[in-house]
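Welcome! Please take a look at the structure first.

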Amino acid sequence: MVYRHARNECRDQLKHWWRRNRESEAALQNMTCEQPEDLGLKELIWSLPEHDRLVLYLYYYQGYTAQEIAELLGKNPSTVRTWLVRARKKLKLRMEAEGYDIP
């Protein structure tokens with residue numbers, strides 16, 4: 001019975017939508033996700049200190065939550081949220097200095 005359940009689970013995984021709908025590796029390597037207007041913002045992010053850059057990258061570009069980032073870095077989730085707030089403030093100051101229109 002356990003064998004049958006494991007076999008069926010494997011078959012279900014092979015039929016999963018992710019396996020059917022993903023692009024080939026060659027197509028993924030040719031894709032670009034950066035728009036020309038985003039390059040300046042990305043440069044500003046990369047000019048931040050490594051600590052701030054890391055949390056912003058993981059949160060906004062990789063889509064991790066503060067909880068997941070905390071687990072990755074071995075920190076408290078509230079600490080990660082504080083880091084995000086501080087990094088956003090630093091980024092905002094740099095964007096204002098560069099002349100970005102910030103609401």
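How are H5 and H7 oriented to each other? They are roughly perpendicular (angles of 65 to 115 degrees), since helix H5 (residues 50–61) and helix H7 (residues 77–98) pack at an angle of about 105°, with their axes 9 Å apart. This is a predicted model, in which local features need pLDDT of at least 70 and side-chain atom pairs count only at pLDDT 80 or more, while totals for chains, interfaces and linings use all residues. Residues are numbered from 1 along each chain as its sequence is written, and side-chain values use heavy atoms, leaving out hydrogens and water.

**Where H5 meets H7**

- On the H5 side, the contact (heavy atoms within 4.5 Å) is made by His51, Asp52, Val55, Leu56, Tyr59 and Tyr60.
- H7 contributes Trp83, Leu84, Ala87, Arg88, Lys90 and Leu91.
- Leucine 56, leaving aside its neighbours within four places in sequence, touches Leu48, Tyr61, Leu84, Ala87, Arg88 and Leu91.

**More on H5**

- Its buried residues (under 20% relative accessible area, 1.4 Å probe, protein chains only) are Asp52, Arg53, Val55, Leu56 and Leu58.
- Just after H5, glycine 63 has a positive phi of about 80°.

Key. Axes are lines fitted to C-alpha atoms, for helices over the stretch in contact, and angles run from 0 to 180 degrees between N-to-C directions. Helices (H or I, at least four residues) and strands (E, at least two) are DSSP runs, numbered from the N terminus. Angles under 35 degrees count as roughly parallel, over 145 as roughly antiparallel, 65 to 115 as roughly perpendicular and the rest as oblique. Buried means under 20% relative accessible area, exposed over 50%, partly exposed in between (1.4 Å probe, protein chains only).
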